[in-house]
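These are my notes from an afternoon of looking things up in one structure.

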Amino acid sequence: MALGEPGPGPERALREAAAALERGGAGTEEALGAVLAAVAAAGGPAALGERERALFGALLRSLARAAGAARPAGVWQRCFLAGPPGLALCVLLEALAAPRAGLEPREAVEVLERFLQEGRLSALLWDVCQQPAQAASPELQEALLSSIVCLPDRVSNTLQGKNPAVFFPQNYFPLLGAAIIQVLQKISESLRGGLDCSISFVSHVLGKVCVHGRQRELLSVLVPQLTDLTRSDCIWQRMCWRLVECVPDRWMEAVLLGFVHSAPGPDVLSRLLGNLVVKNKKAQFVVTQKVLLLQYCHGTAVLQNLLGYLSLDGPRRALLIKVLQELLETWSSSSAVKHSPPEQQQYISKAILICLSHLKEPEIESCRQELLSSMLEGVKCHLDSSLPHVRRLGMVVAESISSRVNTDGPVLKFQYEEDDEVRELKSLLVQTPALCVVSSLPEDGKSEKADAAQPLVLESNEKSHSAASVMPAEESDAELDSDDDLIPYDMSGDKELKAKAPVYIRDCIEVLTGSEEDVDKWEATVKALESLVRKNPAATREVSVELAKILLHLEEKTFVEGFVELRQRAQVAVLTTDPIPVAKYLTSQFYSLNYSLRQRMDVLDVLVLAAQELSYPKSHGKTKQPDAQKPCIQVLPASDSPKDWRRIVDERIKSKTRRFATGQSQVEQTFSPNEFNSVAGHFFFPLIQHFDRPLTTFDLLGEDHLVLGRLVHTLAVLMYLAVNTVAAPAMGKALLEFGWALRFHTDPYVRQGLLSCISSVLLSVPAQRLLEDVAEELLETQSWLGDVLEKDPDGDCRRLALQNLLLMENLKKKLESAPS
C-alpha cells in the first residue's frame, strides 16, 4: 500500500487478518495492525455493521485458539481491548472456561484485568444501550448479562481463588457501579441532545446483581451518586425511575430492598423510586405485603424508610392507610398472636407505630372507628398471652393508638416496666431521622425482663408536684408566717406501741380467722407465723391442714409490707413440716371449684418451694462448705417469666461438668437424708390426674392456658427435684405420657414448659431405666423434637428442643460406652 493511500475497510482488513493468522508467519502482526487502524478509522467498534461484527468475533476466536508463537505480542491483546467489548468479553470467558492449546487461563485473566482497568465495562454497557431494540439479539444480551454479573465467580473458579484483587466481589461490583454511572451520564447527554437510547439492559444488570446478593457492593456506589444527581435535575430523576421500573419482576424484590436498605432517608428513597409502588404490581406486593407482613428480619430504619416513602406522595398515602389497616388486622388477630414468634409481633408493632406517626388528623378521623375496634380486639389478644414480652407490646401499641385517636379525651394507660425496647417503640410515634432512631439500639436486642407492676403517678399529681417545686421562696415563707407563734411538741421520747405476737399455733389460727378488728395483732401474727411453725413442728402437725386452708384463703386486711411473701413463706413452712396431708390438700384444691387463677398459681408456687427445701440435704456440720452450690430454683414472680424455670434445667446441666480446684481442706459435713424422696409422689401425681377435665370456672385446655403453662413448668421442676429418688422412673414415664396431649399446643409458654419437662426426665431418671421403661416414647419424642427444632415459630422452643436433642445424644453415648 502506497504512502497516503486510504487503508482497507474493516471488512476487508478482517478477512485479510483471518487469512494471515491461518497461514502464520511475519505478516500476522501487520494484518492485525491494519484491523485496528480500520476500526479506528470507521469510528470505533460501535460503527461496525452486523457482518463486520461477525467477522471480528471469528477473528478473536481464532486468536484465542492460536498457539502462543502465532500471536504477535502486544497486538493481539489490543484486538481484544479495541474491538467490540461484548464480543471480546464473551470470547475471553469461553477461553477461560475451556482452555485448549491456544490461550492460557493466565493470559486470558491478564487481558480481562486490563479490560476492566481501561473502562471497557462501561463501553460494553453503552454499546448495548445504543443498539436499536429491534436489532438487539436476546440471546446475545442474556450471554452478556451473565458474563458481566458472574465474571468474578468464573475467574475465581478457574484460578481456584488465586485471582487478582480487581476480581474480588468487594472490588469488582463497585467498579461495575461506577461504570453504570458513566453510562447513565452518556444516556443523560443523549436525551438532552434529542437522541433515543435504551436503559433496559442497565436495569437488567442492576436486577441480576441484586438477586445474586451483591446489592450492598453495587448500591454503595450507585445510591450516593444518584442521590446527588437527582437532587435538582428532573431528567436524572426520570432516568432513575425508569432504571428501576425496567427491572424484570423476578428481580424486583431484590432491587427494591437494596434501595430501601441503602437510602439515607424516605425523601431520598422517594426521589430514587418515584411512584414505583403505584405503577408496578410486584413492587406494591413487596412493599405492602411481603416486607411488612411476611418478613420480620428488617431493621427499624428500613421500616421508617419504607413507610416514610409511602407517606410522601398523594397516590402513595392511600397505600399507607391500607398498610396500616392490614397491620392492625394482623395485630388484633388472636391466631396471629398465638402462632407468630414474638420477634414478628415486635416488628409489626413497630410498623403500626411508624404508620401512626405519619397519619394526619383528617385521615385519623376517617378511620377512627376502625382504629378503636382494632385496638380493643388487639389489646385483649395480647393481654391473654402468657408471654410478658407479648403482653407489653400490646400495652404499648394500645396506648399509642389511644393517644392518637383520643387527642381530647381520656387515653389508655397500663402498668409495665419501661425498658429500652419500650422507649424505642414510643419514640417511633415522633417522626425523626431513621438512622437516629436505631443508631444507639441493637436491632436484635430484646429485653427478657419480666413485667413488674409499678405504681402509676397521676398526671395531676405530677403537675402539682412540679408546681410546688418551683414555688417562689418568699411565697412559701409568707404562708408559714402565721404559724410562727406555735411551738412544736417534743415527741422525741415517744415509743411506738407494738402488738405482741401470739406464742401458740392455735392462737394464730384464732387471730387470722377472728372477726375482731385488732389490725396490729393481725399484722404481728402474719409476720411471726413462719418462725412459730418451724419452732413447733409437733403442734403444727395437729392443725396443719386447717392452717394451710386458712393461709390459702388469707387476704390482706391492711397494708403489710411484703404480705404476699410472708404468707407464701408460712405456707411453705406448714407444707415442709407436715408434707403428705398438706400436699394432698393443696393438690386437691388446685382442681376444685371457686378458686381464682391467682390462688391456683399460689398452690403451684408453694409446692415448688417446699419441694426445693425438702430435697436439699440439711447440713449438720459447723463449717459451711464454700464450694457447695445450692440449686437456684425460684418461683415465678408476678410476671410469669419462664426464664427462672428454665434456669433449673440449665444449672442441672452445668452441674454435670466436673471442675477441679485446690485450696484449704474443708471440714467434712454430715447431711440428713433427702426428705423429698418419700413424698415426691404426693406432690407430683395428683397434679397430672385431672388436667383434661374442664370445670365451670376453670378449663386448663381452654382459655386458662396461663395456668396450664405454670402447671407444666411446675411438673418440670418437681421432676428435676426428684433426681435419685425411688419415684423418679415412674414420674418420668407419667410425665412423658402427660406431654402427648400438649405437644401441639398453640401457646409457646406451654410448649416451653413441656420441653423443660423432657429435659428434667432426661436428667433425673437413670439412663438404664429410661432404656428399659420408655425406649419407644423416647424415639417418638426425638422425632418430635426434630420437628420443633425446624418448624416451631418460637425461638426459645427451638433452643430447648436443641438442648434436649443434645442430651439424648449424650445419653446414647453414655449407654454405648457403659460395660455390658
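Predicted model: local features only at pLDDT ≥ 70, side-chain atom pairs only at ≥ 80, totals over all residues.

**Entry 1: one glutamate.** I looked up what glutamate 363 touches, leaving out residues up to four places away in sequence, and found Arg317, Ile321 and His358. I noted that glutamate 363 sits in helix 21, which covers residues 361-366.

Is glutamate 363 buried or exposed? Its relative accessibility is 14%. Buried means under 20%, so glutamate 363 counts as buried.

I then looked at the side chain of glutamate 363 and found one of its polar atoms 3.0 Å from the backbone nitrogen of lysine 360.

**Entry 2: helix pairs.** I turned to helices next. Two packed helices are described by the angle between their axes and the distance between the axes. I wrote down both for each pair.

**Entry 3: helix 20 and helix 23.** Helix 20 spans residues 342-358 and helix 23 spans residues 388-405. I read an angle of about 10° between them, with the axes 10 Å apart. Angles under 35 degrees count as roughly parallel, so helix 20 is roughly parallel to helix 23.

Which residues meet here? From helix 20 I listed Pro342, Gln345, Gln346, Ser349, Ile352, Leu353, Leu356 and Ser357. Facing them in helix 23 I listed His389, Val390, Leu393, Val397, Ser400, Ile401 and Arg404. Sorted by class, the residues of this contact are eight nonpolar, six polar and one charged.

**Entry 4: helix 4 and helix 6.** The axes of helix 4 (residues 75-82) and helix 6 (residues 105-117) come within 10 Å and cross at roughly 45°. That angle makes helix 4 oblique to helix 6. I recorded the crossing as right-handed.

Helix 4 brings Trp76, Gln77, Arg78, Phe80 and Leu81 to the contact, and helix 6 brings Glu107, Val111, Arg114 and Phe115. I sorted the residues of this contact too: five are nonpolar, one is polar and three are charged.

**Entry 5: helix 11 and helix 13.** My last pair was helix 11 (residues 215-229) with helix 13 (residues 249-262), whose axes come within 10 Å and cross at roughly 60°. Helix 11 is therefore oblique to helix 13. I noted a right-handed crossing for this pair.

On the helix 11 side the contact uses Gln215, Leu219 and Val223. On the helix 13 side it uses Ala254, Gly258, Phe259 and Ser262. How many of the residues in the contact of helix 11 with helix 13 are charged? I found no charged residues there, with four nonpolar and three polar.

Conventions. Residues numbered from 1 in each chain as written. Heavy atoms only, no water. Axes fitted to C-alpha atoms, helices over the stretch in contact; angles between N-to-C directions. Helix = DSSP H or I, 4+ residues; strand = E, 2+ residues; numbered from the N terminus. Parallel < 35°, antiparallel > 145°, perpendicular 65-115°, else oblique. Left-handed = near helix turned anticlockwise from the far one by under 90°. Contact = heavy atoms within 4.5 Å. Nonpolar A, V, L, I, M, F, W, Y, C, P; charged D, E, K, R; others polar. Buried < 20%, exposed > 50% of the residue type's maximum accessible area, 1.4 Å probe, protein only. Polar contact = N/O pair within 3.5 Å; in protein donor to acceptor, adjacent residues only side chain to side chain.
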